[in-house]
Amino acid sequence: MEKKLETILYVEFLDHSSTSNIWLSDEEFFQECVIEPCKAIGFLEREDSLAYYISSMKSRGEKGSGHTILKSAVSFARKIPQKTFFKSIQYLKDNILVETPLKL
């Protein structure tokens, strides 16, 4: 089986917050609506001129915990060079989950 290589992205960015769907006083509104410094790390699925698209979980044909991070909000980004992708859990044997050895 051919080794699958993945690029990891570490990114720091500013994110938004939103209020719940209740009425708030001016003071409560400005306490609730803040810009949050955030960090994320994941598999770089793709990027374009506007955004990074990352996932933090993968199976054979699906991705989970996906995020679109706008480049205009990014304060720091580092692509970690291609790394081998660990071989995933392969099968169940006699109702016991069997893992294959990790390939580096």
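User: Leaving aside neighbours within four places in sequence, which residues is Ser55 in contact with?
Analyst: A word on the source first: this is a predicted model, where local features need pLDDT of at least 70 and side-chain atom pairs count only at pLDDT 80 or more, while totals for chains, interfaces and linings use all residues. Residues are numbered from 1 along each chain as its sequence is written, and side-chain values use heavy atoms, with hydrogens and water left out. Contact means heavy atoms within 4.5 Å. By that rule, Ser55 touches Gly42, Phe43, Glu45, Lys63, Gly64, Ser65 and Gly66.

User: Is Ser55 buried or exposed?
Analyst: Buried means under 20% relative accessible area, exposed over 50%, and partly exposed in between (1.4 Å probe, protein chains only). Ser55 has 2%, so Ser55 is buried. Its contact Ser65 has 36% and is therefore partly exposed.

User: What joins the side chains of Ser55 and Glu45?
Analyst: A polar contact is a pair of N or O atoms within 3.5 Å; within protein, one must be able to donate a hydrogen and the other to accept it, and residues adjacent in sequence count only if both atoms are side-chain atoms. Here the two side chains share one of 2.5 Å.

User: Which residues make up the largest nonpolar core?
Analyst: Such a core is a set of buried Ala, Val, Leu, Ile, Met, Phe, Trp, Tyr and Cys residues joined through side-chain atoms within 4.5 Å. The largest one holds 8 residues: Leu9, Val11, Phe13, Ala40, Leu44, Tyr52, Ile54 and Ile69.
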